[in-house]
Amino acid sequence: MQAKKIAAVLVAGFTALALSACGGAPAGGGGGSTQKTTFRLAFNQTDQHPQYKAAEELGKKLEQATDGRYGIEVFANEVLGSQSEVVQDVSGGTVDLAYVAGPILESFNEDFIVFNLPYVFDSVEAQSKVFADDAVMGDLKKSLESSKKLTVVGALHAGVRNIYNTKRPVKAPADLTNLKIRVQQSNSQVQMIKDMGGVGTPMGQGEVYTALQSGVLDGAENNETVFNALKHDEVAKYYSYTRHLMMPDYLVMSTQVLNGMDEKDRKALLDLMPATVEMANKGLIEYAAASRTASEKAGAQFNDDVDTAAFKAATQGLVKASINNPVRQKLYDAAQKANG
Ligand code: GCU
C-alpha cells in the first residue's frame with residue numbers, strides 16, 4: 001500500500017508540475033489566465049463501485065458549473081492510503097476529498113456513533129430520508145470544521161452489512177463463538193461483534209483478504225460488494241444475512257479548501273451533492289445485487305435463515321449505552337421517526 005501511495009503522490013506531483021509548466025489549463029469562456037484546480041478525491045474501493053462513478057460525474061458537473069475552474073480526480077483502490085490515513089490527509093489539506101465510513105469519524109467526534117450502531121435503520125428509504133435532512137444532519141456535518149478542518153459534504157447509503165466467515169453459516173449468536181471477525185476501527189464496532197457472540201478484530205479493509213487466507217481472521221462483516229470485489233468470497237464462503245448494520249459512508253472535504261473556493265463555485269459544488277448522493281445510493285443497491293450473483297457463481301453460499309431478532313436483542317445494550325447525550329438522542333429519534 002505504501003509503495004502505491006508514494007507512486008500516486010509522485011504522479012500527482014508530476015501532473016501538477018507539467019500543468020504549471022504549460023501555464024495550467026485556462027478557465028473556459030473568456031480565455032482568462034485562471035488556472036484549473038483539480039481536487040484529489042481518495043477512495044478505498046474499485047473504479048467499478050457506484051461511489052467512484054458518482055464522484056466522476058460530480059467532477060464533470062463541477063467543471064461545467066464553474067466554467068472549468070474546478071474538476072475532480074478520483075484515486076481508487078486505496079492508492080492514497082486507507083480510510084484512516086486519508087482522513088488525516090484531508091484534515092491536513094494535502095488531499096481535498098475522501099469517502100470514509102462512519103466509524104472512522106467516531107475518533108474525532110463520538111456523536112458520529114449513532115448511525116454506526118446495529119439495527120438503527122429499518123430501510124434504505126428511512127436512512128436516505130434522514131441523511132438528506134439538514135435540519136437533522138447539519139450540525140453533525142459541520143462538527144469537525146473547527147477541530148479537524150473537515151466538512152462532511154455528503155452522507156451516503158453504504159449497503160447493508162452481514163457476517164461472512166471461513167467456517168460455517170451463522171444463524172444465531174452461538175454460531176459466532178470464538179470466531180475472529182474483522183470490524184472497522186472503532187470501539188463501537190468491536191463491542192458490537194462481542195455482543196453478537198464473536199470476537200471483533202479492528203483492521204483496515206486492504207488487509208482483510210490476507211488475514212482471512214492465513215487464518216488471522218475467521219471472518220468479516222460487510223456488504224456484498226466488498227465481499228465480491230475484494231475476492232473475500234474466495235476465502236470465506238459462508239455469507240449470512242445478519243443485516244446488523246446499515247451505516248453511512250461520508251464524503252468529507254478539507255474545510256480550508258472548501259472555504260477557499262469563491263462563493264459561487266462553493267455553492268455550485270454543494271448544490272451538486274444531493275444528485276451525487278442519489279446516484280451513488282441507487283447504484284449501490286444494483287451493484288450489491290449483481291455482486292451477490294457473482295459471488296454465488298464463484299461458489300459462495302448465502303444463508304438467509306438467520307435469527308436477526310436474537311442479534312438485535314443482543315446488541316440493544318450497546319445502542320442504549322451509546323445514546324447518552326441530547327445530540328445523539330436527537331439523531332437517534334430522527335432515525336426512529338423515519339423508520340415509522
Ligand atoms: C464498506 C464501506 C467502506 C468501508 C468498508 C470497510 O464497503 O462502503 O467505506 O471502507 O465497508 O469495511 O472498510
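Ala334 is buried (under 20% relative accessible area, against over 50% for exposed and in between for partly exposed, with a 1.4 Å probe and protein chains only), its relative accessible area being 15%. The model is a predicted one, in which local features need pLDDT of at least 70, side-chain atom pairs count only at pLDDT 80 or more, and totals for chains, interfaces and linings use all residues. Residues are numbered from 1 along each chain as its sequence is written, and side-chain values use heavy atoms, with hydrogens and water left out.

Ala334 is placed in helix H15; helices (H or I, at least four residues) and strands (E, at least two) are DSSP runs numbered from the N terminus. Not counting residues up to four places away in sequence, Ala334 touches Val130 and Val136, contact meaning heavy atoms within 4.5 Å. Between Ala334 and Glu145, 189 residues apart along the chain, the C-alpha separation is 23 Å.

Helix H15 covers residues 326-339 and also holds Arg328. Arg328 is buried, with a relative accessible area of 8%. Its side chain forms a polar contact of 3.0 Å with that of Asn324; such a contact is a pair of N or O atoms within 3.5 Å, where within protein one must be able to donate a hydrogen and the other to accept it, and residues adjacent in sequence count only if both atoms are side-chain atoms. With neighbours within four places in sequence set aside, the residues in contact with Arg328 are Glu110, Asp111, Ile113, Val114, Ser322 and Ile323.

The buried residues of H2 are Pro50, Gln51, Tyr52, Ala54, Ala55, Leu58, Gly59 and Leu62. Their cover includes strands E1 (37-42), E2 (70-75), E3 (97-101), E4 (150-157) and E10 (248-254), together with helix H13 (263-297). Asp67, which follows H2, has a positive phi near 50°.

The lining of the largest cavity consists of 24 residues, with Asn44, Gln83, Ala101, Gln184 and Gln205 nearest its centre. Helix H3 (83-92) and helix H10 (224-229) are the elements that give two or more residues to this lining. By class, the lining has 6 nonpolar, 14 polar and 4 charged residues, where Ala, Val, Leu, Ile, Met, Phe, Trp, Tyr, Cys and Pro count as nonpolar, Asp, Glu, Lys and Arg as charged, and the others, Gly among them, as polar. A cavity is a set of points on a 1 Å grid over the protein atoms alone where a 1.4 Å probe fits but cannot get out, and lining residues have an atom within 4 Å of a point.

Terms used: On a 1 Å grid over the protein atoms alone, a cavity is a set of points where a 1.4 Å probe fits but cannot get out, and a pocket is an open set with protein on both sides within 12 Å along at least five of seven lines; lining residues have an atom within 4 Å of a point.
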